[in-house]
Amino acid sequence: MGMIDKFRLDGKVAWITGASYGLGLAYAEAMAEVGAKIVFNDINQDLVDRGLAEYAKRGIEVYGAVCDVTNEEQVNAFVKDVEEKVGTIDILVNNAGIIKRIPMVEMTKAQWDMVINVDLTGPFLCSKAVLPSMIAKGSGKIINACSMMSELGRETVSAYAAAKGGLKMLTKNICSEYGQYNIQCNAIGPGYIATPQTAPLRARGEDGSMNPFDRFIRSKTPAQRWGKTEDLQGLAVFLASPASDFINGQVIYIDGGILAYIGQDPSNLDESKFQAEEEDDTIKVND
Ligand code: NAP
Ligand code: GCO
């Protein structure tokens, strides 16, 4: 196989969860460009319809349907449908995720459970549903959506950090248990990426002033900018492709250097350098 061919996904079926917009859509777009057949789900019909329209606009053929990743029956039914209508799943990206930014002492158990269910139990259920056919086939790729919060804590994100830390270990465990079947399970650990999920952290004040968290993140990031969805596409393709067949159980961080850097005094940043970044914040955010 030629070097470029090792990065191609021709004929592979890639299921990206929660991929109507945001990072999931970017992963799907990149994988489609190198030949994968894309399958996605989302939590409700409105989002699925929005996703179908986005893919159609980009000329990408997809299968999309409603499926709640926390509901085992729905997950199994979705996988069965995909197997009948598209084919067995070769690549799973556990992308669907939510965050609740609430101080831990104020967080209800229901809010905690919701985050753990979507961000940790969801990847368990979806992986469990696709692993039997991957084992039978003797190959498969699972890519989990980890986070800076797989390594670091921060005020208000206790459930999210617990879930993303747990997902790092689920990644290593799937690798440990199923690597013998030529199945690779790795994770992408994005830094702070401009998507609707992080929109509240970047929103300017009514007087147009920079959000203090935006200033903080830029001062912690050697690149001094938020990531863009396209910054993550190359790694997603790599981890889904034969080029990464001997990489297993790793979390690879794409963070503009955050985890390598102690950061600088935010007041030293030259704000005039930063232009308002255009992004699609029209979809509701998880707050
Ligand atoms: P996003 O914009 O919120 O998209 C996630 C998608 O998952 C949304 O369509 C969401 O629907 C859907 N979803 C929520 N609960 C679901 C469920 N139970 N079943 C199926 N789908 C469900 O998130 P993103 O910013 O693109 O991030 C994607 C993933 O990367 C997440 O796991 C996130 O934690 C992780 N991540 C993001 C960043 C970042 O900076 N953006 C950084 C590190 C890691 P709703 O819109 O209804 O919630
Ligand atoms: C937050 C952010 C983060 C990011 C991301 C970082 O409130 O600190 O939302 O959790 O979304 O996961 O990698």
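## Overall build

Domain bounds here come from an automatic or database domain assignment. For the protein chain, this assignment gives domain 1 (4-191 + 227-256) and domain 2 (193-225 + 258-287). The C-alpha centres of domain 1 and domain 2 lie 25 Å apart. Where they touch, 25 residues from domain 1 and 21 residues from domain 2 take part in the contact; contact means heavy atoms within 4.5 Å.

This is a predicted model, in which local features need pLDDT of at least 70 and side-chain atom pairs count only at pLDDT 80 or more, while totals for chains, interfaces and linings use all residues. Residues are numbered from 1 along each chain as its sequence is written, chains are lettered from A and ligands numbered from 1 in the order in which they are written, and side-chain values use heavy atoms, with hydrogens and water left out.

## Size and surface

The protein chain has eight helices and seven strands. Helices (H or I, at least four residues) and strands (E, at least two) are DSSP runs, numbered from the N terminus. The radius of gyration of the chain is 19 Å, close to the 19 Å that the globule rule gives for 287 residues, so the chain is as compact as a globular protein of that length. This radius is taken over C-alpha atoms, and the globule rule is 2.2 Å times the number of residues to the power 0.38. Along its principal axes, the C-alpha trace spans about 55 × 45 × 40 Å.

Of the 287 residues, 49% count as buried. Buried means under 20% relative accessible area, exposed over 50%, and partly exposed in between (1.4 Å probe, protein chains only). The chain exposes about 13,500 Å², and carbon and sulfur atoms supply 53% of this area. Accessible areas come from the Shrake-Rupley method with a 1.4 Å probe; for residues, only the protein chains shown count as cover.

Why is strand β5 described as largely enclosed by the rest of the structure? Six of the six residues of β5 (residues 140-145) are buried, so the strand is largely enclosed. In a regular strand the side chains alternate between the two faces of the sheet. In β5 both faces are covered: Gly140, Ile142 and Asn144 are buried on one side, and Lys141, Ile143 and Ala145 on the other.

Strand β4 (residues 91-94) runs parallel to β5 and is joined to it by four bridges. Two strands pair if DSSP finds at least two bridges between them. Val93 has Ile143 of β5 as its bridge partner. From β4 the chain passes through helix α4 (residues 109-137) to β5, in a right-handed β-α-β crossover. Right-handed means that, with the strands pointing away from the viewer, the path from the first strand over the helix to the second runs clockwise.

β5 also pairs with strand β6 (residues 183-190), in the parallel sense and over six bridges. Here Lys141 has Gln184 of β6 as its bridge partner. The chain crosses from β5 through helix α5 (residues 158-178) to β6, and this β-α-β crossover is right-handed.

## Selected residues

Lys168 has its place in helix α5. Lys168 is buried, with a relative accessible area of 18%. Not counting residues up to four places away in sequence, Lys168 touches Cys146, Ser150, Glu151, Val251 and Tyr253.

Asn182 lies in the loop between α5 and β6. Phi of Asn182 is near 65 degrees, a positive value in a residue other than glycine. Asn182 is partly exposed, with a relative accessible area of 34%.
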